[in-house]
Amino acid sequence: MRQGLTAILPCNDLDAAEAFFARLGFQREQGSPDDYRMLSDGLGGFIHLNPAVEGWLKAGSNPFGLYLYRENVDSVARAFAGEILGEPRDTPWGMYEFALNGPDETLVRVDWPTRLRGKT
C-alpha cells in the first residue's frame, strides 16, 4: 500500500456520478459494492461515491469541490464541449484550468501547473 488521499463524495445518484467520473477516466475498483462506489483512474486518483443523506445536496448549494490534475487539460475540455464553465485558461495562482459542474453540481476543476505545460 502506498500513502495517498481519497476523496469521499456524497451523491444523490451513484449511477450518474459513476458515469460522469468514467468520462474523466475513473473506473470502479474490483470488489466495490453497489451502494458505495470506489473509483480509481490508474494515475493515483481515487474517489469514493456514497449516497448522500436525503435532502442534503441541493442544486445551487453544493459545498463540495474537487481538483483533478491532468496534463491533457485541453483534450479533456474538448471531451466536455458544451458542458465546461469557461474555456481553459492560465490563472493568477499558476494553474491552467477549466471547471465543470459534476454530480449534484459538485465543482470539478481540471488543471495542470502552467509552468509544466508542454514539458512532457
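These legends describe several close-up views of one predicted model.

Residues are numbered from 1 along each chain as its sequence is written. In this predicted model, local features need pLDDT of at least 70, side-chain atom pairs count only at pLDDT 80 or more, and totals for chains, interfaces and linings use all residues, while side-chain values use heavy atoms, with hydrogens and water left out.

View 1. Helices (H or I, at least four residues) and strands (E, at least two) are DSSP runs, numbered from the N terminus. From the N terminus on, the order of elements is β-α-β-β-β-β-α-β-β-β. The radius of gyration is 15 Å, close to the 14 Å that the globule rule gives for 120 residues, so the protein is as compact as a globular protein of that length. This radius is taken over C-alpha atoms, and the rule is 2.2 Å times the number of residues to the power 0.38. Along the principal axes, the C-alpha atoms fill a box of roughly 40 × 40 × 25 Å. Of the 120 residues, 39% count as buried. Buried means under 20% relative accessible area, exposed means over 50%, and partly exposed lies in between (1.4 Å probe, protein chains only).

**View 2. Strands β1, β4, β3 and β2 make an open sheet, in the order β1-β4-β3-β2.** The pairing is mixed. Two strands pair if DSSP finds at least two bridges between them. At the edges stand β1 (7-11) and β2 (27-28), each pairing on one side only. Strand β1 runs parallel to β4 (residues 46-51), and five bridges join them. Pro-10 has Asn-50 of β4 as its bridge partner.

**View 3. Strand β3 pairs with both β2 and β4.** Two bridges join β2 to β3, and these strands run antiparallel. Here Gln-27 stands opposite Ser-40 in β3. Strands β3 and β4 also run antiparallel, with four bridges. Leu-39 stands opposite Ile-47 in β4. The hairpin of β3 and β4 has five residues between the strands. Gly-42 in its turn has a positive phi of about 75°. In a regular strand the side chains alternate between the two faces of the sheet. In β3, Arg-37 and Leu-39 point one way, and Met-38 and Ser-40 the other way. All four are buried.

**View 4. Helix α1 (residues 14-23) lies across β1, β2, β3 (37-40) and β4.** The helix runs at about 165° to β4. Axes are lines fitted to C-alpha atoms, for helices over the stretch in contact (heavy atoms within 4.5 Å). Angles run from 0 to 180 degrees between N-to-C directions.

**View 5. A salt bridge joins Glu-18 and Arg-28.** Side chains of opposite charge can pair when their charged atoms come close. A salt bridge is a side-chain nitrogen of Lys or Arg within 4 Å of a carboxyl oxygen of Asp or Glu. The closest N and O atoms of Glu-18 and Arg-28 are 3.0 Å apart. Glu-18 lies in helix α1 and Arg-28 in strand β2, so the pair ties together parts that are 10 residues apart in sequence. Glu-18 is buried, at 18% relative accessible area. Arg-28 is partly exposed, at 29%. Both belong to a network of salt bridges that also links Asp-15, Asp-34 and Arg-37. The salt-bridge count comes to eight.

**View 6. A second open sheet has the strand order β5-β8-β7-β6.** Its four strands show mixed pairing. Strands β5 (65-69) and β6 stand at the edges with a single partner each, so one side of each is left without a neighbour in the sheet. From one strand to the next, the twist averages 15°. Strands β7 and β8 pair in the antiparallel sense over seven bridges. Tyr-96 has Trp-112 of β8 as its bridge partner.

**View 7. Arg-109 and Glu-97 meet in a salt bridge, 3.2 Å from N to O.** Arg-109 sits in strand β8 and Glu-97 in strand β7 (residues 95-101), 12 residues apart. Glu-97 is buried, with 2% relative accessible area. Arg-109 is partly exposed, with 25%.

**View 8. Asp-90 and Arg-117 form another salt bridge.** Their closest N and O atoms are 3.7 Å apart. Asp-90 lies in strand β6 (residues 84-90) and Arg-117 in the segment after β8 (107-113), so the pair ties together parts that are 27 residues apart in sequence. Asp-90 is partly exposed at 41%, and Arg-117 is partly exposed at 36%.
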